[in-house]
Amino acid sequence: MIWIAILENIKYSGNFSEDEDGMMKYLQSFCDNIELSNNGYVCVVDNSGKLIAYPDYDPDYFESLGDVSVSDIQGENVKTFKDINTNEIFSELANYADADYSDIIVSMLVGELGKRVQVHQ
């Protein structure tokens, strides 16, 4: 899957250290420059689910994915995003009730700083 390749590219890019500012600049640049089909995008969230990097980032915009309902691809095992506690790459179905749509997300924890990179499709 292309999502796994994107996340593995980030994981092994060698651009991560304890320098959070440098890491965030790299991740923001990655979010801005990657193009995915079907309006897909890459974003970064913190432990609470707050969006902290996404295409055309606006620092005055606040949105949290923490309470977004996620499930496995079959629509079972429903939980909220903030309840996902895994360091592994995972794939889930995100259901945005307020916007009345769903998308597939693949997510990976990056570095020691507790940031999660997500590919949405």
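The secondary structure of this protein, a predicted model, comes to two helices and seven strands. Helices here are DSSP runs of H or I with at least four residues, strands are E runs of at least two, and both are numbered from the N terminus. In order from that end, the elements run α-α-β-β-β-β-β-β-β.

On the ground rules, local features need pLDDT of at least 70, side-chain atom pairs count only at pLDDT 80 or more, and totals for chains, interfaces and linings use all residues. Residues are numbered from 1 along each chain as its sequence is written, and side-chain values use heavy atoms, with hydrogens and water left out.

Of the 121 residues, 39% are buried (under 20% relative accessible area; exposed is over 50%, partly exposed in between; 1.4 Å probe, protein chains only).

Now the aromatics. The structure has three aromatic pairs, meaning rings of Phe, Tyr or Trp (its six-membered ring) with centres within 6.5 Å; planes under 30 degrees apart are stacked, over 60 edge-to-face, the rest tilted. One of them, Tyr26 with Phe30, is tilted, at 6.3 Å centre to centre and 35° between the planes. These two sit four residues apart in helix α2 (residues 20-33), so about one helical turn separates them. Tyr26 is partly exposed at 21% relative accessibility, while Phe30 is buried at 14%.

Tyr54 and Tyr61 also pair: their ring centres are 6.0 Å apart and the planes stand at 75°, which means edge-to-face. Tyr54 is buried, at 11% relative accessibility; Tyr61, at 39%, is partly exposed. Together with Tyr57, Tyr54 and Tyr61 make up one aromatic cluster.
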